[in-house]
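Hi,

Here is the structure I promised to pass on.

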Amino acid sequence: MQFKLEGQAIKRRPEFDMDDRLLLDKLSLDKNSITIDGKTYPIKNGCFQSVNPAKPYQITHSEQIVIIDLINQFTHSNKLNEHMWFMQDNGSMYLKHNGNMLFHGCIPVDKEGNFLKWQIDGREYSGKSLCDYYEYILKDGMHHPTTGDCYNSDLIWYMWEGKNSPLFGKDKMATFERYFIDDKDLQKETLNPFFALSGKEWFADKILKEFGMNSRGHIINGHTPTVEENPIQANNKFVTVNGLSDMEKIGGYTLLFDSFGIRLVTLRPFISRKQEIEEMSDVVIEKQIVEHSAERKTVSDTDYGQKIKLQIKKLMKQLEELQ
């Protein structure tokens, strides 16, 4: 059902440029093999009995019943709705906070570090404007929900696995290949060049400038790195915080930002609460200094402090008018 519905969205939106993800029509008639780029591969653990070779992306009546039930479960879940509206009210594609920029995933670029331009909805977007556009679509989708096919729902799905999505950051999501084809080359998902360039200081400065940030700031990026990747790069301007793809040695990274500066904490893998209590062990492996403040920062140095100053200014003006 997933591949059928995704196929329908790809066919509806040629601007997504995802025809390489249309795979059901490439199955053999007996559904025991598939031909991709002129080469035939055997299918392992196949489950394509409901695929009609004449209309491979057509949903059957039985599948439609399942889909309707799933839609009802999601749309009528009070807890899920509560969480989604919290994200809508408080979340964003990126956050500029105390001179630093935080975001998950990447900003899509080419190998030279130029922001990828995407023609969609009659306009061209890249860098900051692309992130802003995605955020608008997400929030518009929340305010105008529908259970049918629509532009917003298609684009929200694209954010999940589209190559021009900052939230995805790869050339493809090889779910089909990983499940049904035993070939490492086909299963490979190539990261956007953003991640290879994240160690370059000039690239970090370019990202900060694109989003109107000072070059003295930091990029706090959430993604799933390998153990070999250095979490602090680009002359301390690019910091990775998240869990790791291999969590046997390191459990992940957490960033601490206080009046003394910025520190990155490396965490031990978490096995169980019982074990941690019995061993009374510290989850912290080490702390690395990202930035040390020569003078301790005060509340007035923060974004919150600036808001307080603005409130004081408005109140003083009101008092002057009353005198």
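Before the rest, some housekeeping. This is a predicted model, with local features needing pLDDT of at least 70 and side-chain atom pairs counting only at pLDDT 80 or more, while totals for chains, interfaces and linings use all residues. Numbering starts from 1 along each chain as its sequence is written, and side-chain values use heavy atoms, with hydrogens and water left out.

Back to the salt bridges: the count comes to 17. In one of them, R12 meets D149 at 3.3 Å, N to O. That pair links distant parts of the chain, 137 residues apart: R12 sits in helix α1 and D149 in the loop between α4 (127–143) and α5. (Helices are DSSP runs of H or I, at least four residues; strands are runs of E, at least two; both are numbered from the N terminus.) R12 is partly exposed at 31% relative accessible area, whereas D149 is exposed at 58%. The cut-offs are under 20% for buried, over 50% for exposed and partly exposed in between, with a 1.4 Å probe and protein chains only.

Two other bridges are worth a click. R263 and D258 pair up at 2.5 Å, N to O, with R263 partly exposed at 25% and D258 partly exposed at 29%. D20 and R21 meet at 3.8 Å, N to O; here D20 is partly exposed at 44%, but R21 is buried at 15%.

Helix α1 (residues 2–12) also has a buried side, if you like lists: F3, K4, E6, G7, A9 and I10 are buried. Their cover includes α2 (61–75), α5 (151–161) and α6 (175–180).

Then there's V265, in strand β11 (residues 261–267). V265 is buried, at 5% relative accessibility. Beyond its neighbours within four places in sequence, V265 is in contact (heavy atoms within 4.5 Å) with residues including Y253, L256 and V284. T254 is 11 residues from V265 in sequence and 5.1 Å from it in space, C-alpha to C-alpha.

As for the whole chain, there are 11 helices and 12 strands, and 37% of the 323 residues count as buried. The C-alpha atoms fill a box of roughly 80 × 55 × 45 Å along the principal axes.

Cheers

Conventions:
Salt bridge = Lys/Arg side-chain N within 4 Å of Asp/Glu carboxyl O.
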